Amino acid sequence: QVQLVESGGGLVQPGGSLRLSCAASGSIFSIRTMGWYRQAPGKQREWVASISTGGSTNYADSVKGRFTISRDNAKNAVYLQMNSLKPEDTAVYYCKVDMGPTHYWGQGTQVTVSS
């Protein structure tokens, strides 16, 4: 059994910053790519950013230059630093961890960008 626990969401004004965290626990083995996705009301879940075991990162065009993904392999954790937030970044953010032949999702954390 693997659990992913997310934290760090909340309400922030446009232009503000938030840092999301996601930590894996339980029967962990062979963690590979770690990533973040988001789902806005009435929209499909979309990929935001990902980071490989070696630290290579990729970002959706909509967040490039504003968001930074990082990971701590010793803690089995992945982070998302979000700067210059915009109202269109409002969504539930989910972490996803590829582990062995499968993957796991976090429970989601709400991010609301509003004045």
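A salt bridge is a side-chain nitrogen of Lys or Arg within 4 Å of a carboxyl oxygen of Asp or Glu. In this predicted model, lysine 96 and aspartate 98 form such a pair, with their closest N and O atoms 2.9 Å apart. Buried means under 20% relative accessible area. Lysine 96 therefore counts as buried at 15%, and aspartate 98 is buried, also with a value of 15%.

The whole structure has five salt bridges. Those that share partners link Arg38, Glu46, Arg66 and Asp89 into one network. Glutamate 46 is partly exposed, at 37% relative accessibility, whereas arginine 38 is buried at 5%. Aspartate 89 and arginine 66 meet through their side chains in another salt bridge, at 2.7 Å from N to O. Aspartate 89 sits in the loop between β8 and β9 and arginine 66 in the loop between β6 (57-59) and β7, so this pair ties together parts that are 23 residues apart in sequence. Both partners are buried: aspartate 89 has a relative accessibility of 1%, and arginine 66 has a relative accessible area of 10%.

Six bridges join β1 to its antiparallel neighbour β3, and leucine 4 stands opposite alanine 24 of β3.

In soluble globular proteins, nonpolar side chains tend to be buried together. Here the largest nonpolar core has 30 residues, of which Trp36, Leu80, Met82 and Tyr93 touch the most other members. Elements that contribute two or more residues include β1 (2-7), β3 (18-26), β7 (67-72) and β8 (77-82). The largest share, five residues, comes from β9. Leucine 80 has contacts beyond four places in sequence that include Leu18, Leu20, Trp36, Val48, Phe67, Ile69 and Tyr93.

Two loop residues have backbone angles worth checking. Most residues other than glycine have a negative phi. Asparagine 76, in the loop between β7 and β8, has a positive phi of about 55° and is partly exposed, with a relative accessible area of 24%. Serine 84 lies in the loop between β8 and β9. Its phi is also positive, near 50°, and serine 84 is partly exposed at 42%.

How values were computed. Residues are numbered from 1 along each chain as its sequence is written. This is a predicted model: local features need pLDDT of at least 70, side-chain atom pairs count only at pLDDT 80 or more; totals for chains, interfaces and linings use all residues. Side-chain values use heavy atoms; hydrogens and water are left out. A nonpolar core is a set of buried Ala, Val, Leu, Ile, Met, Phe, Trp, Tyr and Cys residues joined through side-chain atoms within 4.5 Å. Buried means under 20% relative accessible area, exposed over 50%, partly exposed in between (1.4 Å probe, protein chains only). Helices (H or I, at least four residues) and strands (E, at least two) are DSSP runs, numbered from the N terminus. Contact means heavy atoms within 4.5 Å. Two strands pair if DSSP finds at least two bridges between them.
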